[in-house]
Amino acid sequence: MVAVTDSALATAPPSSGRRLRATAGRVRWGRGLVLLVAAIYFIGPLAAAFWFSIDEGNGVTWHAYTSFFHTAGFASAAELSLELAAVTVVLALLLLVPTLVLIHLRYPKVHSAVELLSLLPLVVPPIVLVVGVSKVVGWGTSANPTSFTGQLFNQLLNSTPPLILPLEYVVLTMPFVFRSLDSGLRASNTATLVEAARNLGASWFTVMVRVVMPLLRTSILNAAFLAFALVLGEFTMSSLLQYQPFAVWLLQFGDTDGQLQVALSLISLLLTWVLLMIMTVIAGRDARKAT
Amino acid sequence: MLPFFGYSALFFLLPTGVVLWTAVKSGSGFTGGNLSQTIHGAYLTGLQNSVKVSVIDAVLAAVLGLILAQAIVTSRHGFLRRTVASAAAVLANFGGLPLAFLFVAAIGNAGVLTTFFSKHFNVDITNHYDLYGVSGVELVYLYFLVPLMVLVITPALEGLRPQWQEAARNLGASRVQYWRHVAMPVLLPSVFGATALLFCSSFSAYATAQALTNGTLSLTSLQIGNALDGNVLANADGIAAALALDMIILVVPLTVLYLYMQRRTSKWLQ
């Protein structure tokens with residue numbers, strides 16, 4: 001956060017003051033132009049799409065924004081997406097919070113190994129991962145349905161929600177969750193506080209719930225939100241494994257009602273943006289409190 | 001520690017390994033047949049299209065994103081910067097499917113702007129691009145790649161110390177000289193790394209292109225999807241895995257380059 005280039009110019013030696021002021025003026029003008037062009041480029045399609053979703057020949061209709069909840073398939077697709085997102089967030093946090101706390105407190109040597117494994121899903125695209133997953137799923141479904149393998153895969157694929165998706169989503173969200181928690185642990189003096197709590201006789205469970213969780217509140221919230229938003233919009237894996245959460249439904253439904261499809265797209269982008277803004281505000285308030 | 005490593009092995013390393021294994025496996029032996037099939041004919045065209053789209057978009061997005069990020073970083077309105085930063089995060093990470101629909105609504109065959117221009121100016125703007133073809137995919141990808149560039153290059157731009165510019169000025173350097181001899185050399189590794197990341201994002205994107213073209217365009221990611229989905233191909237598994245392996249071969253070194261450059265940058269940022 002260093003908005004200093006301008007003030008740096010302003011405090012330059014007075015001998016060249018006039019020339020500098022002229023340059024600064026030109027820079028500000030150029031910056032305004034860049035921001036304006038960018039604003040038009042990015043807001044333009046959004047505005048056009050919004051118009052598309054309410055345009056009705058000679059008038060305006062809000063039917064897309066009032067009727068989507070009763071549209072066939074919306075409720076079940078949205079419900080599936082929310083369930084998947086919730087299970088993913090819980091699983092990811094259960095897996096990574098204890099792991100990261102442990103490597104920061106007890107096993108700093110394996111930090112780089114865990115970091116590597118957590119960031120790797122960034123390197124292997126989801127479209128590649130899903131090829132492997134569907135192959136493994138194929139082995140499972142071709143196994144004898146009464147055998148242990150057959151029953152296990154039946155559970156993974158046909159439970160509500162189908163567990164195979166959140167299990168893989170945890171992998172897809174791992175880079176974001178890892179980074180958020182890791183930087184949170186780096187910034188706070190967790191190690192000292194945990195040692196103090198242990199010396200005073202607190203159990204590991206108490207330490208986790210009453211020391212670690214409050215310290216990492218912002219990072220955990222941040223990680224949970226990112227994972228949640230990623231799962232809500234996920235398309236590649238769910239569509240190729242033949243499930244129908246929100247994003248897949250939205251694509252298939254477009255043939256029936258284009259206006260509704262565009263309206264829901266706008267709503268989902270706007271919702272994500274608002275949640276992200278709330279995150280930024282909370283994080284900013286915490287940072288101010290810490291200093 | 002064990003649950004974490006076990007989890008990664010089971011749900012990440014195993015499927016990835018299975019891809020490699022399936023790509024080169026045939027009956028009881030090994031084969032290069034799948035791989036060689038994916039670098040000939042229609043699959044070669046797909047690879048070429050994908051590389052072309054990704055190179056053009058990565059370079060364009062890197063240049064445009066750099067300019068935009070510099071404008072945002074030097075802006076003094078904190079609110080504007082926060083708003084733009086979070087909007088960029090939304091478009092870069094969660095764009096996917098909605099972006100395709102937005103563009104169809106704006107400039108598709110029945111889009112708002114298309115109708116507007118044909119009604120009032122009697123011009124059919126769809127003559128100048130094919131939204132459902134390669135040029136359309138390039139256009140729509142830019143919409144999430146430019147924000148991605150802004151996100152990844154902003155820390156590097158914020159790391160440029162104002163003292164460097166002051167020092168250069170005191171020594172009599174012009175603006176151009178400052179950028180040419182001070183800022184550019186410092187930024188270059190980050191810019192290269194970011195461009196590599198943009199290439200990979202574009203190359204492995206699936207949802208946007210699938211929604212735009214219904215899977216008909218020959219791009220490698222769509223061909224993988226079709227091979228998995230269709231069940232019409234003989235040996236579909238082998239082809240899908242071999243295409244996935246092609247993708248790994250192209251994308252993995254570039255992503256590693258990005259992560260390495262990012263680590264280098266974060267060192268001198270502290």
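Read along the sequence, chain B of this predicted model follows the pattern α-β-β-α-α-α-α-α-α-α-α-α-α-α. If one considers the contacts in chain B between residues at least 6 apart in sequence, 71% of them join residues at least 24 apart.

A place to begin within chain B is the pair formed by helix 3, which covers residues 41–73, and helix 9, whose axes come within 8 Å and cross at roughly 140°. Angles over 145 degrees would count as roughly antiparallel and those from 65 to 115 as roughly perpendicular, and helix 3 of chain B and helix 9 of chain B are therefore described as oblique to each other. The crossing in which helix 3 of chain B passes helix 9 of chain B is right-handed. On the side of helix 3 of chain B, the residues that meet the partner helix include B:Leu47, B:Val51, B:Val55, B:Ala58, B:Ala62 and B:Gln70, while on the side of helix 9 of chain B they include B:Trp179, B:Val191, B:Leu198, B:Phe199 and B:Phe203. Sorted by class, the residues of this contact between helix 3 and helix 9 of chain B divide into 14 nonpolar, five polar and no charged.

Helix 9 of chain B, which runs over residues 175–204, also holds B:Ser190. Is B:Ser190 buried or exposed? Its relative accessibility is 8%, and because buried means under 20%, B:Ser190 counts as buried. Leaving aside its neighbours within four places in sequence, B:Ser190 is in contact with B:Ile153, B:Ala156 and B:Thr265.

Not counting residues up to four places away in sequence, B:Tyr129 touches B:Ile107, B:Thr114 and B:Ser135. B:Arg76 stands 53 residues from B:Tyr129 along the chain, and the C-alpha atoms of these two residues are separated by 38 Å.

Turning to chain A, one finds that this chain is divided into domain 1 (6–61) and domain 2 (70–290). The centres of domain 1 and domain 2 of chain A, taken over C-alpha atoms, are separated by 36 Å, and the contact takes eight residues from domain 1 of chain A and six residues from domain 2 of chain A.

Helix 8 of chain A, which covers residues 164–187, can be followed through two of its partners. With helix 5 of chain A (residues 111–123), the axes come within 6 Å and cross at roughly 140°, and these two helices of chain A are therefore oblique to each other. Helix 5 of chain A passes helix 8 of chain A in a left-handed crossing. Among the residues that meet here are A:His111, A:Glu115, A:Leu119 and A:Leu122 in helix 5 of chain A, and A:Val171, A:Phe178, A:Arg179 and A:Asp182 in helix 8 of chain A. The residues of the contact between helix 5 and helix 8 of chain A divide into ten nonpolar, two polar and four charged.

The other partner is helix 6 of chain A (residues 126–142), whose axis comes within 12 Å of that of helix 8 of chain A, with a crossing at roughly 145°. The crossing of helix 6 and helix 8 of chain A is right-handed. The contact is made by A:Pro126, A:Leu129, A:Val133 and A:Val137 from helix 6 of chain A, together with A:Ile164, A:Glu168, A:Val171 and A:Leu172 from helix 8 of chain A. By class, this contact of helix 6 with helix 8 of chain A has seven nonpolar, no polar and one charged residues.

A:Thr236 lies in helix 12 (residues 236–240) of chain A, and A:Thr236 is buried, with a relative accessible area of 10%. Which residues does A:Thr236 touch, not counting residues up to four places away in sequence? They are A:Pro126 and A:Ile127 in chain A, and B:Tyr206 and B:Ala207 in chain B.

A:Phe246 is found in helix 13 (residues 246–253) of chain A, and A:Phe246 is likewise buried, with a relative accessible area of 14%. Leaving aside its neighbours within four places in sequence, A:Phe246 is in contact with A:Phe74, A:Ala77, A:Ser81, A:Leu232, A:Leu264 and A:Ser268. The C-alpha atoms of A:Phe246 and A:Val231, which are 15 residues apart along the chain, are separated by 9.9 Å.

Definitions and conventions:
Residues numbered from 1 in each chain as written. Chains lettered and ligands numbered in written order. Predicted model: local features only at pLDDT ≥ 70, side-chain atom pairs only at ≥ 80, totals over all residues. Heavy atoms only, no water. Axes fitted to C-alpha atoms, helices over the stretch in contact; angles between N-to-C directions. Helix = DSSP H or I, 4+ residues; strand = E, 2+ residues; numbered from the N terminus. Parallel < 35°, antiparallel > 145°, perpendicular 65-115°, else oblique. Left-handed = near helix turned anticlockwise from the far one by under 90°. Contact = heavy atoms within 4.5 Å. Nonpolar A, V, L, I, M, F, W, Y, C, P; charged D, E, K, R; others polar. Buried < 20%, exposed > 50% of the residue type's maximum accessible area, 1.4 Å probe, protein only. Domains from an automatic or database assignment.
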